[in-house]
Amino acid sequence: MDFERKMLCIGAGYVGGPTMAVIALKCPEYKVSIVDINEEKIRKWNSGQLPIYEPGLEEIISKVRGCNLFFSADIKSGIRESDIIFVSVNTPIKTFGLGAGMASDLQYWEKTAQQILEESEGSKIIVEKSTLPVKTAQVMERILKTRKNGAQFEVVSNPEFLAEGTAIQDLLEPDRVLIGSHQTESGLRAAEEIANIYAHWVPREKIINTNLWSSELSKLVANAFLAQRISSINSISALCEKTDADIAEISYAVGSDRRIGLKFLNASVGFGGSCFRKDILNLVYIAENYGLNEVADYWRMVLKINEYQEERFVANIIKTMFNTVVGKKIAIFGFAFKANTGDTRESPAKFIVGKLLEEKATLSITDPQALANARIDLAGVEGEITFEEDPYRAADGASAIVLVTEWVVFKTLNYADIYRRMKKPALIFDGRNILEHRRLFDVGFDVYPIGKPSLTHFK
Ligand code: NAD
Ligand code: UGA
């Protein structure tokens, strides 16, 4: 079949896979290819067992794979044949050298730029999909300007705002699509080409064009603002626990102000995921590099509150269990960093599990999608750990349940049955405030929510 346009995405991860699947679905006249250096991942994308869990993704993949969506490990051919190249490789925190622990590690990004340069002829649009420090497009351009074969490049920034667990919904109905470009004739033309892709299903007024640097920086700032809301409400949850105020009531009362809004005000064990921490650290690093130390300190506090929230959650568990959990069985409900994903990157569960193991607890971990990743994350960690598909079995003989991830399935369990299987007193620490606390109390549990008075049978 002849396609009108050929586009490529380099990086078949949580962003590249779902994003290109939706583009392929909405733009049947385009050939969409996705490549990755990880051949095993490509094999999974081409199989019945996708490498990531994302509600709605399988249905879309089954419609478009082999029609106009193709997964391959042949990066070179992909680059050669495509007019538009999205780059969606990972940009983790640097672990070594200058800026270690804060700055973005751009090694994958730079390798990709070199490879694009090697293989390209003619003119191509390079789309930054990864989240990058402001001014990265300049680096990309500097590499690509050492032109070979007369190739011409226009770099545009098109950051992705999808959240895991709702990726397909977010892609189908985005709040906005941001396209940053040079405000020159060729830059605007390239931005328009990218806008035309999204215009297949996104209303034009939601497609925003800005200069390249505003686009790159907007992505970091959007994540920093979202994380800041969670840290703000989490900081107040600590105050609630001292005053018998109820954090859920406060979230509702405060969030009902339209200027504030109700979203992202759920107190929790702390935020996780591959992006918030990394992107805030990156923002802090950039601010410091420009000598803006107060700006850096301001954003650093958002991370500090997040660490504080995780620490105080575990400290409360240990204190409540008579200051010792040695040999006690504790069931961990949820290991993913949030519901509806198997992703465990930066999950608060890792910190909590690590601390409880240091205290020599015996842990039984259950999660509907994240057990495979949990096994990888905890390989080599010392301590008594078992992994259970079935939450009832995880709770068998346990002294406490620690709920870390807000999976709906945890809300609908038969807690009377679970209570019968547990050691007494049976405790529940609800790190997401999703359970029906009064009912659990009536069943017999002592209940410890976040930012709300605990419900205990002993006074
Ligand atoms: P990921 O680790 O899931 O996927 C990245 C993929 O790129 C990996 O499969 C890796 O093998 C591949 N890769 C690395 N170097 C390569 C190379 N030289 N050639 C080909 N493939 C290569 O990461 P992700 O979660 O999809 O994130 C990608 C980017 O998108 C990051 O910058 C992230 O900050 C940003 N982002 C992520 C999310 C999210 O929810 N995960 C949302 C918005 C933006
Ligand atoms: C986040 C942003 O929401 C996306 O817009 C962005 O594109 C993405 O980062 C990224 O750049 O990677 P994601 O990390 O997938 O998406 O998930 P979120 O829904 O933002 O949740 C992040 C963490 O905050 C989770 O651990 C979640 O449980 C926690 N959270 C969220 C709370 O504790 N309380 C809330 O009210 C909301």
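How many nonpolar, polar and charged residues does the shell around ligand 1 have, by class? I count nine nonpolar, 10 polar and seven charged residues in that shell, with Ala, Val, Leu, Ile, Met, Phe, Trp, Tyr, Cys and Pro taken as nonpolar, Asp, Glu, Lys and Arg as charged, and the others, Gly among them, as polar.

Before going on, I note that this is a predicted model, in which local features need pLDDT of at least 70 and side-chain atom pairs count only at pLDDT 80 or more, while totals for chains, interfaces and linings use all residues. I also note that residues are numbered from 1 along each chain as its sequence is written, that chains are lettered from A and ligands numbered from 1 in the order in which they are written, and that side-chain values use heavy atoms, with hydrogens and water left out.

**Ligand 1**

I looked up the residues around ligand 1 (a heavy atom within 4 Å of the molecule) and found 26, of which Asp36, Lys41, Thr91, Glu164 and Lys278 come nearest. For polar contacts (pairs of N or O atoms within 3.5 Å), I find an oxygen atom of ligand 1 at 2.6 Å from an N or O atom in the side chain of Asp36, and a polar side-chain atom of Thr91 lies 2.6 Å from an oxygen atom of the ligand. A nitrogen atom of ligand 1 is 3.3 Å from a polar backbone atom of Ile37. The protein buries 93% of the 830 Å² that ligand 1 exposes when taken alone (Shrake-Rupley method, 1.4 Å probe).

**Ligand 2**

Around ligand 2 I find 21 residues, with Phe161, Leu162, Ser268, Cys275 and Arg432 nearest; by class, this shell has 11 nonpolar, four polar and six charged residues. Helix 9 (residues 212-243) gives the most to the shell, with four residues, helices here being DSSP runs of H or I with at least four residues, numbered from the N terminus.

I then checked the oxygen atoms of ligand 2: one is 2.6 Å from an N or O atom in the side chain of Ser268, a backbone N or O atom of Phe161 lies 2.7 Å from an oxygen atom of the ligand, and the side chain of Lys338 has an N or O atom 2.7 Å from an oxygen atom of the ligand. Of the 700 Å² of accessible area that ligand 2 has on its own, the protein covers 90%.

Technical notes. A polar contact is a pair of N or O atoms within 3.5 Å; within protein, one must be able to donate a hydrogen and the other to accept it, and residues adjacent in sequence count only if both atoms are side-chain atoms. Helices (H or I, at least four residues) and strands (E, at least two) are DSSP runs, numbered from the N terminus.
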